[in-house]
Every structure is written in C-alpha cells, then in structure tokens.
Amino acid sequence: MLVIDKYAYSNRIVKWSPKIKGLLWLLGIILAFQPIIPIKLVVIVVVVWHTLYATKMSVRVYLHWFYAILPFLLLSIIGIVFTMSPKASQIYYPVHLFGNYFGVSKVMLPKGLRLGVQVLTAVICTYWFALTTPFQQIILTLKAVHMPALMIEETMLMYRFIFIFVEACEQIYRAQKLRLGYRTFRLSIHSAGILVKMLFQQVMINYQQMVHALDAKLYDGEFKV
C-alpha cells in the first residue's frame with residue numbers, strides 16, 4: 001500500500017461523501033485560477049490547515065510531499081521571469097551580456113509570481129483531495145459524472161506513477177541525508193544528480209513490473225473500470 005493510501009483510508013473525514021469532496025476540490029481549483037491573489041493565499045492557509053487536521057500529519061511530513069514538485073515549479077518561474085533585453089531599464093539587477101542585458105524582467109516578475117501562487121494553490125487543493133479520499137471513491141466519482149473511460153484509465157495510471165515517484169524520491173533523499181550526502185554544496189550537487197538518476201531507473205523498473213503484471217492477467221488494452 002502506498003503511503004498516500006494509508007492517509008486516504010484513515011483520515012478524519014474518510015466517511016464524507018466523495019462527491020462533496022470532489023465539489024470542494026473543484027471549488028478550490030476555481031479559486032486557484034481566479035485573479036485575486038489574497039483569495040488564493042486564504043485558500044492555501046485554510047486548505048493546508050484542514051489537510052493537517054484531517055490526516056493528522058505533521059508539518060514536516062506534509063512538506064516532504066512537495067520535494068518532487070517544487071523544483072519543477074521553481075524552474076518554470078525562473079524560465080518566465082529571467083530574460084534578456086536591449087534596455088537596462090526593463091530589467092532588475094541587469095547584467096551586460098552579448099550586447100544586451102540579462103536579469104529579472106520587471107514586466108514578467110509579477111506574472112511569474114502570480115503563476116507560482118496559482119499552481120501552488122491548485123497543488124495544495126489536489127493534495128487535500130488525494131490525501132482524504134480513497135482512490136476507489138475517486139474512480140466512482142469520475143464514473144458518476146460520466147467521465148470517459150479513457151480519461152479514467154489515464155487517471156488511474158497517473159495516480160499510481162505520480163505517488164510512486166514522490167514516495168521513491170522521499171525514500172532516496174532520506175537515505176542520502178542519513179549518509180551525510182548533503183553536508184556540503186559540492187556533495188549536495190552530486191547527491192542530487194544521483195537522486196535524479198535513481199528516480200528515472202525506479203520509474204522504468206515500476207513500468208516494467210506493471211507491464212509484466214498486466215501480461216500475466218491477459219490485459220487486452222482496456223481496464224475494466
């Protein structure tokens with residue numbers, strides 16, 4: 001059983017209707033994509049508090065769930081806010097490079113931060129839904145709203161591999177930290193490279209295991225959901 005399944009089946013609101021949870025999750029996603037930043041921040045605080053309360057999870061353990069996501073979020077924001085311009089006035093802390101100025105764009109910085117808050121809000125709401133709702137109930141909810149079978153199958157596969165990925169990342173990171181793999185900056189870079197390599201290998205191993213399991217069950221290209 002995955003760690004997320006343990007929380008999903010033993011939290012304080014496990015008996016809530018999955019349809020109600022689904023509607024609350026949808027409301028959270030709508031609020032995440034609306035333009036008013038203070039509302040997003042309120043949603044983040046409320047949902048994080050309720051997630052910790054419902055799952056009886058410590059803040060430290062909760063933050064571990066973001067280790068595999070935050071690097072991608074930060075890289076996306078960096079790709080948006082850093083730019084090159086012929087005018088230094090358009091850049092924060094401009095660095096002259098190849099006849100242009102490189103730095104943080106004054107125009108794109110607010111947009112990048114807004115996108116970061118938006119994505120973080122959506123992820124936090126999704127974690128609340130996933131950590132408090134057994135996956136079987138999620139599938140039943142998707143079937144109740146007549147979601148196409150192909151999308152339900154994709155959801156099943158994504159759910160399995162995303163949280164296997166997160167759990168594997170946490171286990172490898174914990175093992176490296178116990179061996180003082182992040183004691184210095186140079187060691188941290190080396191350990192991070194090993195972490196990425198091992199995660200890729202683990203994903204491929206899990207994929208092969210799933211293929212063998214499906215072949216053993218005479219999989220014909222369609223999941224019975």
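Which residues do ring pairs link into a cluster? Select Tyr62, Trp65, Phe66 and Tyr127, and you have that cluster on screen. Keep in mind as you go that you're looking at a predicted model.

**Stop 1: the ring cluster**

A search of the whole structure turns up seven aromatic pairs. Start with tryptophan 65 and tyrosine 127, an edge-to-face pair at 6.1 Å centre to centre, with 65° between the planes. The two come from distant parts of the chain, 62 residues apart: tryptophan 65 sits in the loop between α4 (59-64) and α5, while tyrosine 127 belongs to helix α6 (residues 108-132). Buried or exposed, what is tryptophan 65? It counts as buried, because its relative accessibility is 5%. Tyrosine 127 is also at 5% relative accessibility, so it counts as buried.

Now step along to phenylalanine 66. Its ring makes an edge-to-face pair with tyrosine 127 too, at 5.2 Å centre to centre and 80° between the planes. Here again the pair links distant parts of the chain, with phenylalanine 66 in the loop between α4 and α5 and tyrosine 127 in helix α6, 61 residues apart. Phenylalanine 66 has a relative accessible area of 5%, so it is buried.

**Stop 2**

Keep tyrosine 62 selected and show what surrounds it. Leaving out residues up to four places away in sequence, tyrosine 62 touches Val48, Thr51, Leu52, Met57 and Ile124.

Pick threonine 51 from that list; you'll find it in helix α3 (residues 37-55). Threonine 51 counts as buried because its relative accessibility is 0%. What does threonine 51 touch, again not counting residues up to four places away in sequence? The answer is Lys56, Tyr62, Trp128 and Leu131.

**Stop 3**

In soluble globular proteins, nonpolar side chains tend to be buried together. The largest nonpolar core here has 34 residues, and those touching the most other members are Met57, Tyr62, Trp65, Phe66, Ile124, Tyr127 and Leu131. Colour the elements that give two or more residues to this core: α1 (3-10), α3, α6, α7 (135-144), α8 (149-178) and α9 (185-216). Which element gives the most? That's α6, with eight residues.

**Stop 4: the sheet**

Next, switch to cartoon view and look for the strands. Three of them form an open sheet in the order β1-β3-β2, with antiparallel pairing. At the edges are β1 (82-85) and β2 (91-97), each pairing on one side only. On average, neighbouring strands of this sheet are turned by 30° against each other, direction ignored. Then select helix α5 (residues 70-81), which packs on the sheet and touches β1 and β3; the direction of α5 makes about 15° with that of β1.

How many bridges join β2 and strand β3 (residues 100-105) in the antiparallel sense? There are five. Follow the chain between β2 and β3 and you pass through a hairpin with two residues between the strands, where phenylalanine 98 in the turn has a positive phi of about 55°.

**Stop 5: charges over rings**

For one, select arginine 12 and tyrosine 53: arginine 12 lies over the face of the tyrosine, at 4.6 Å from the ring centre. For the other, select lysine 106 and tyrosine 92, where lysine 106 lies over the ring face at 5.5 Å from the centre.

**Last stop: two loops with positive phi**

Finish by selecting histidine 146, in the loop between α7 and α8. Histidine 146 has a positive phi of about 60° although it isn't a glycine. Its relative accessible area is 71%, so histidine 146 is exposed.

Then go on to leucine 180, in the loop between α8 and α9. Leucine 180 is no glycine either, yet has a positive phi of about 60°.

Note on methods. Residues numbered from 1 in each chain as written. Predicted model: local features only at pLDDT ≥ 70, side-chain atom pairs only at ≥ 80, totals over all residues. Heavy atoms only, no water. Pairing = 2+ DSSP bridges. Helix = DSSP H or I, 4+ residues; strand = E, 2+ residues; numbered from the N terminus. Axes fitted to C-alpha atoms, helices over the stretch in contact; angles between N-to-C directions. Contact = heavy atoms within 4.5 Å. Phe/Tyr/Trp six-rings, centres within 6.5 Å; stacked < 30°, edge-to-face > 60°. Buried < 20%, exposed > 50% of the residue type's maximum accessible area, 1.4 Å probe, protein only. Lys NZ or Arg CZ within 6 Å of the ring centre and 35° of its normal. Core = buried A, V, L, I, M, F, W, Y, C linked by side-chain atoms within 4.5 Å.
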